[in-house]
Amino acid sequence: MDAPELPVEIITYIFSLLHVSDRKDASLVCRSWYEASQDYQFQKNVTFRLPASTSSLEVIQGLGRRSHCGLIISHLDGSSLSRALLMEVGMHLGPSLVTLSLPGSSITESSLLDLLPHLTGLRKLDLRGLDSLFMSGAFLSREEHRHQVRKALEGLEELNLSDLRYLSDLSFNRLTGCTPRLKKLALSGCHIAFEFDPYRGCPVGPDCSALLSLRNLRRLLQEQASTVRALDLSRTSITPESLRTVAQVPGLALEELCLRGCKELSDTAVEVLCQHQPTIRSLDLSACTELTSRSVQAVTAGLKGLQVLSLSRDWRVTDKGLAELVKLPSLRRLDLSECLHVSGAEMIKGLSSPQPRAKLETLSLRSCTYIRDIAIFSMSQLLGFSLRVLDLTSCVYLTDLSVRSIATYMPGLLVLRLGWCKEITDWGLLGMVEPTKECEPSTEKEDKGPSFTRTFGNMGFFQPPSLPFQERPRLVTDEDLGAFREQMGASLLAIRGLQELDLSACSKITDRSITQVVRFPDLQRLSLSMMPEISDDSLASLAFHCRSLTSLALNHCPQISDQGIARAAPLLHRLQHLQLACCDAVTDRSLSILAKHCKRLQTLDISMCKDITITKVDFLQSQLPYLENVQCRFVGGADLTITL
C-alpha cells in the first residue's frame with residue numbers, strides 16, 4: 001500500500017528546517033519534493049557562482065526557469081567561450097537576473113554592451129577590477145549604446161566600480177548617466193583626484209579624460225542626492241577638505257559610508273561629517289590611522305541612530321569616549337580590533353549605566369592586548385542576552401576564567417573566536433577550576449616588571465617576568481572528567497547553537513576537552529590549527545558530533561594522521577574547506593579517503609605534507625567535481641634547505 005502524498009505546504013515547512021545542502025539533496029528525491037524546494041522563501045536572494053567553462057552553459061540554460069536569481073561568473077575573457085556564456089545569460093536569464101558580478105574577468109566592451117540591454121530587471125551590477133572595459137576610454141561612447149543601456153539599467157540600485165585603474169570622468173559620466181536611481185555606489189581603491197591632477201600638475205579641471213575627479217563625483221551626488229544612500233570611498237586618498245565637500249552636498253542623506261584605509265582623514269573631518277550627515281547608520285573608519293578618541297566623541301554626539309561602527313586598526317583610539325558610545329541604544333555592531341590602547345574599562349562603565357544602552361550583537365576586540373579577564377567577566381554579564389558574535393583573537397592575557405564567564409552568561413553566541421589565547425586550557429573549556437588556581441578575577445597576578453640577575457661572570461642581564469601562557473597547566477585526569485560529567489557548571493557545551501569556533505594556537509588544549517565539549521550539531525566552521533596536543537581521537541569525536549561542518553582547519557597538528565581522516569571523513573559529507581598543511585602524518589591514503597567521501601570539497605591545503613605525492617593530488621582533482629583550489633606547495637618531501 002502506497003503512503004499518502006503529503007501536501008506541498010507541509011513538505012515546504014519541513015524543508016525550512018533543513019540545512020541548505022540537505023535541502024538540495026532532498027529536492028532530488030521526487031517531483032513533489034523538488035517543487036517544494038522551489039518555494040519562494042528558499043529562492044529569494046539566491047546567487048549562483050559559476051566558472052567560465054563549457055559546463056556552465058547548460059547550468060545557465062537551466063536557471064532560465066527561475067523567476068529571480070543572481071549570478072557570479074568568474075574569469076571571463078575575450079574568448080569565444082566567454083562570449084557564448086554572456087550570450088546565454090542574456091538569452092535565458094534576461095529580465096529575471098537581479099544581480100551580476102564578473103570577478104577576475106577581462107571581457108571586451110562589445111561583449112558587455114551586447115549583454116546589458118537584455119538585463120532589464122538588474123538591481124546590482126559589480127564591475128570591480130574590470131580594467132579592460134575602461135582602458136581605451138571608449139566604453140559607452142556611442143549614443144545608441146547609451147540609449148540601450150539606459151533603458152535597461154534605469155532600475156539599477158547598486159553599482160560597484162571598485163579597483164578600476166582607468167576610470168575617468170568621461171567614462172564615469174557615461175555609465176552613471178544610464179543609472180538614474182542609484183542607491184549604493186562603490187569606488188573603493190579607484191584613483192580619484194580629489195584636489196590635484198598629477199598628470200597635468202595643476203588643480204583638477206572639468207571632465208578629466210584620465211582620472212575621476214572629486215568635482216565630477218560631487219556633481220553625481222548632487223544630481224542623485226534624493227536616492228543615493230550608501231557610498232564607499234575606501235582605500236582612496238580622500239583628504240579632510242574633500243570629505244567636507246562630500247558631506248555638505250545639498251540634499252544628500254547617507255545611511256552607509258565606508259572610508260576604510262583613508263589614512264589622511266582627521267578628527268576635524270569626522271566632526272564635520274557627523275554634523276552634516278546625522279542619518280548615517282553604518283560607518284567604517286577602520287585603518288584611518290590619524291583618528292583619535294575625538295572622532296569617537298564626534299560619532300557619539302552626531303550619529304544618534306548609528307547601528308554599525310568599525311574602528312579597527314585606529315591605533316590612536318583609547319578608552320576615552322567609549323562609555324558614551326555604548327550608550328547609543330541603536331548600536332548593534334562594534335569593531336575595535338587592533339585598537340591597542342582599549343582595555344574595556346570605559347565600555348563596562350557605559351554598559352553598566354541605568355540609561356538605555358547598546359544591545360550589541362557583534363563585538364570584535366581582536367588583538368586588544370590590554371583586555372583582561374575582569375573586562376570579559378563584566379561584559380559577558382552585561383551583553384549576555386544580545387551578543388551573537390564575539391572575537392577575542394590574540395587577547396593573549398585571557399585565561400580560563402574568561403571562557404567560563406562566556407559559557408555561563410552568553411549561551412546565545414553563534415560565533416566565538418579565541419585563537420592565540422594561549423593561556424586557555426582544558427579546564428576552561430570544561431567549565432572547571434584547576435585545583436591549583438583561584439577562580440576570581442580579583443586575584444590576578446600583579447605584573448612586577450623585569451627582575452635584575454647576574455650571570456656570565458660580571459655581565460648583568462634583565463630577565464623579563466614569565467608570561468602566564470608559559471606555565472604548563474596540570475593535565476586533566478580521568479577522575480577530573482568524571483567530575484565534569486556530574487557537575488552542572490557552564491562548560492563550552494552551554495553554547496548550544498554555536499556555528500563558528502576558533503581555538504587556533506591554544507596549545508595547552510588537548511583531547512581531554514575537545515572530545516567532551518566540541519559537540520555542536522550546528523557548528524559549520526572550526527579552526528584547531530597549531531594545537532600540537534590534539535590527535536585523531538579529537539578529529540573522530542568532532543566529526544561524529546559536528547556533522548554540519550563545512551570548514552575545518554587542522555594546520556600544524558602533528559598528531560593528525562590517516563587514521564583520523566579515515567574515521568572522520570565518512571561523517572563529514574558537507575565539508576567544503578579543509579586545511580591540513582604541515583600535518584606530517586597525513587599521506588596519500590588520506591587523499592583517497594577524501595575523494596571517496598567528501599564530494600563537496602572546494603578547497604584543500606596539504607602544503608608541506610612530505611608523504612603526499614603530486615600523482616595522488618592529480619587523482620583527487622579528477623574525482624572531486626567542485627574542487628577549485630588545492631594548495632600543495634612542497635609536498636612529497638621537497639627539500640626546503642636554502643643554499644647560499
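**Figure 1. Helices α13 and α14 are roughly parallel to each other.** In this predicted model, the axes of α13 (residues 267–276) and α14 (residues 293–302) come within 9 Å and cross at roughly 5°. Angles under 35 degrees count as roughly parallel, those over 145 as roughly antiparallel, those from 65 to 115 as roughly perpendicular, and the rest as oblique. Axes are lines fitted to C-alpha atoms, for helices over the stretch in contact, with angles from 0 to 180 degrees between N-to-C directions. On the α13 side the contact is made by D267, T268, V270, E271 and C274, and on the α14 side by R294, S295, A298, V299 and G302. Contact means heavy atoms within 4.5 Å. The residues of this contact divide into 4 nonpolar, 3 polar and 3 charged. Here Ala, Val, Leu, Ile, Met, Phe, Trp, Tyr, Cys and Pro count as nonpolar, Asp, Glu, Lys and Arg as charged, and the others, Gly among them, as polar.

The model is predicted: local features need pLDDT of at least 70 and side-chain atom pairs count only at pLDDT 80 or more, while totals for chains, interfaces and linings use all residues. Residues are numbered from 1 along each chain as its sequence is written, and side-chain values use heavy atoms, with hydrogens and water left out.

**Figure 2. The protein as a whole has 25 helices and 26 strands.** Helices (H or I, at least four residues) and strands (E, at least two) are DSSP runs numbered from the N terminus. Of the 644 residues in the protein, 50% are buried. Buried means under 20% relative accessible area, exposed means over 50%, and partly exposed lies in between (1.4 Å probe, protein chains only). Among contacts between residues at least 6 apart in sequence, 78% join residues at least 24 apart.

**Figure 3. A search of the whole structure finds 3 aromatic pairs, and one of them joins F15 and W33.** Rings of Phe, Tyr and Trp (its six-membered ring) pair if their centres lie within 6.5 Å; planes under 30 degrees apart count as stacked, over 60 as edge-to-face and the rest as tilted. The ring centres of F15 and W33 are 5.9 Å apart and the planes stand at 90°, so this pair is edge-to-face. F15 belongs to helix α1 (residues 8–15) and W33 to helix α3 (residues 31–37), so the pair ties together parts that are 18 residues apart in sequence. F15 is buried, at a relative accessible area of 3%, whereas W33 is partly exposed at 33% relative accessibility.

**Figure 4. F377 and Y409 form an edge-to-face aromatic pair.** Their rings are 6.5 Å apart centre to centre, with 90° between the planes. F377 lies in helix α17 (residues 373–382) and Y409 in helix α18 (residues 400–409), and the pair links these distant parts of the chain, 32 residues apart. F377 is partly exposed, with a relative accessible area of 24%, and Y409 is partly exposed at 35% relative accessibility.

**Figure 5. I406 is a buried residue of helix α18.** The relative accessible area of I406 is 0%. Beyond its neighbours within four places in sequence, I406 is in contact with I376, S380, L390, L392, P411, L413, L416 and I495. The C-alpha atoms of I406 and A490 are separated by 8.9 Å, although these residues are 84 apart along the chain.

**Figure 6. S286 and A287 lie in the loop between β13 and α14.** S286 is buried, at 3% relative accessibility. Apart from neighbours within four places in sequence, S286 is in contact with L259, R260, G261, S310, L311, S312 and D314. A287 is buried at 6% relative accessibility, and its phi is near 60°, a positive value in a residue other than glycine.

**Figure 7. R372 lies over the face of Y397.** The distance from R372 to the ring centre is 4.2 Å. A charge sits over a ring if NZ of Lys or CZ of Arg is within 6 Å of the ring centre and within 35 degrees of the ring normal. Elsewhere, the charged end of K616 sits over the ring of F619, 4.7 Å from its centre.
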